[in-house]
Amino acid sequence: MADIHRILEAMERNDQRSVLATIIHVNGSAYRKEGASMLFFEDGSQIGMLSTGCLEADLAARVPEILETGESRIYEFDMQSSDPLSWGEATGCGGIVHVAMEPVNDVFGTHLRKLKECLDRQHEVIHIKKINPDRSVSGYGFLTDDRYLFGEWIGNVPEEDLSAMVASGGMGKSGMKALPSLKEEIFLHTYAPKPRLIIFGAGRDARPLASFAAATGFSVTVTDWRPLLCDRSYFPDAEALILGFPEETAGMFHITASDFVVVMTHNLRRDRQLIRILSELPLGYLGILGSKRRTELLFDGRAIPQFVHSPVGMPIGADGPEEIAVSILAEVIQRYRTQRKSRCSL
């Protein structure tokens with residue numbers, strides 16, 4: 001979930017020439033699926049990954065030519081061949097991977113920055129690529145969930161196709177598609193905004209959770225009423241730190257069903273206040289640290305909603321802050337993937 005966000009953030013900090021590589025089609029098994037991207041800078045540095053390391057060196061060797069010609073190309077990597085000179089047997093992947101490499105010129109760079117703006121404003125964006133018979137990208141577009149289209153697109157995308165793509169979130173699973181109105185092959189992939197994890201409580205066990213969540217692509221907010229705990233030195237990767245008591249801060253968030261909330265203040269009275277406020281919001285996931293008995297006390301005999309996960313985290317026998325953070329984040333990621341899969345299957 002994090003690749004495109006890391007790529008766009010890196011582009012903001014680096015003005016070198018670069019090439020964007022995207023997996024557009026996979027036959028069989030592969031380490032990464034359609035839509036996975038990575039960025040190659042001219043100095044050889046890279047953001048993201050498309051494989052376990054077997055493709056990156058070959059792709060990097062093609063970057064100078066892509067930058068020199070300014071033309072996009074699509075390359076096929078046969079991971080299932082038993083030829084000792086191929087990528088096949090040694091990798092164990094067993095699939096065929098098609099990768100589009102596109103030079104990030106001024107125009108494309110401008111559109112990628114606009115993509116970042118849309119994602120930062122919590123819009124989903126469908127990425128469309130036209131694929132020529134000569135295996136180059138002849139045009140591309142970005143379509144937001146509020147039907148704003150931008151990009152380098154030759155000709156018009158018919159209204160019925162736009163409506164179908166928006167309604168189905170990119171017409172389901174990422175990959176090569178056929179639109180009735182267009183002769184070229186089309187690649188579609190939906191970029192989602194960073195999922196948001198809101199952590200109530202800034203104790204020591206919240207620190208690895210915030211760090212691990214940020215590393216896996218979540219936008220992390222930590223809130224607590226204790227300034228000695230809710231400090232940037234403990235949460236360098238959090239996008240926001242909010243100081244205040246639960247009754248003050250809970251109403252500051254526009255919490256939606258797409259957000260993930262974890263309560264871990266270790267204060268029964270404060271947690272009661274939080275649960276009373278949060279249980280009235282349209283949450284899709286609320287994790288509460290502690291035993292089931294403690295959660296029952298927090299709800300004061302009221303029915304516990306289905307979106308409440310308590311004890312929070314997957315049952316891996318976690319011991320200590322880091323392992324507890326792993327178990328919580330694993331459950332959150334599983335829930336996020338389930339939500340995305342359900343949306344794409346509509």
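**From helix 4 to the cores**

D106 lies in helix 4; helices (H or I, at least four residues) and strands (E, at least two) are DSSP runs, numbered from the N terminus. The model is predicted, so local features need pLDDT of at least 70 and side-chain atom pairs count only at pLDDT 80 or more, while totals for chains, interfaces and linings use all residues. Residues are numbered from 1 along each chain as its sequence is written, and side-chain values use heavy atoms, with hydrogens and water left out.

D106 is exposed because its relative accessible area is 68%, the cut-offs being under 20% for buried, over 50% for exposed and in between for partly exposed (1.4 Å probe, protein chains only).

The protein as a whole has ten helices and 16 strands. It has 346 residues, of which 49% count as buried. Among contacts (heavy atoms within 4.5 Å) between residues at least 6 apart in sequence, 53% join residues at least 24 apart.

Helix 1 comes next. Its buried residues include D3, I4, H5 and I7, as well as L8, A10 and M11. Strand 1 (18-28), strand 2 (37-41), strand 3 (46-47), helix 4 and strand 10 are among the elements that cover the buried residues of helix 1.

Strand 6 spans residues 125-131, and seven of its seven residues are buried. In a regular strand the side chains alternate between the two faces of the sheet. In strand 6, V125, H127, K129 and I131 point one way, I126, I128 and K130 point the other way, and all are buried. Strand 6 pairs with strand 7 (residues 137-144) in the antiparallel sense over seven bridges; pairing requires that DSSP finds at least two bridges between the strands. K130 has G139 of strand 7 as its bridge partner. The hairpin of these strands has five residues between them, and R135 there takes a positive phi near 65°. Strand 6 also pairs with strand 10 (residues 185-191), again antiparallel and over seven bridges. In strand 10, F187 stands opposite K129.

The second largest pocket has a volume of about 670 Å³. Of the 26 residues that line it, Q122, P193, K194, P195 and S258 are the closest to its centre. A pocket here is an open set of points on a 1 Å grid over the protein atoms alone, where a 1.4 Å probe fits, with protein on both sides within 12 Å along at least five of seven lines; lining residues have an atom within 4 Å of a point. Grid points are joined across faces, edges and corners, and the volume is the space filled by probe spheres set on the points. Helix 1 (3-13), helix 4 (106-120), strand 12 (219-224) and helix 10 (321-344) each supply at least two residues of this lining, and helix 10 gives the most, with four. By class, the lining has seven nonpolar, eight polar and eleven charged residues.

The largest nonpolar core has 25 residues, and L197, I199, L209, F218, V220 and V222 have the most contacts inside it. Strand 11 (196-200), helix 6 (206-215), strand 12, strand 14 (260-263) and helix 10 give two or more residues to this core. Its largest share, five residues, comes from helix 10. Another core, of 21 residues, lies apart from it and includes A21, L59, V63 and L67. A nonpolar core is a set of buried Ala, Val, Leu, Ile, Met, Phe, Trp, Tyr and Cys residues joined through side-chain atoms within 4.5 Å.

Conventions:
Ala, Val, Leu, Ile, Met, Phe, Trp, Tyr, Cys and Pro count as nonpolar, Asp, Glu, Lys and Arg as charged, and the others, Gly among them, as polar.
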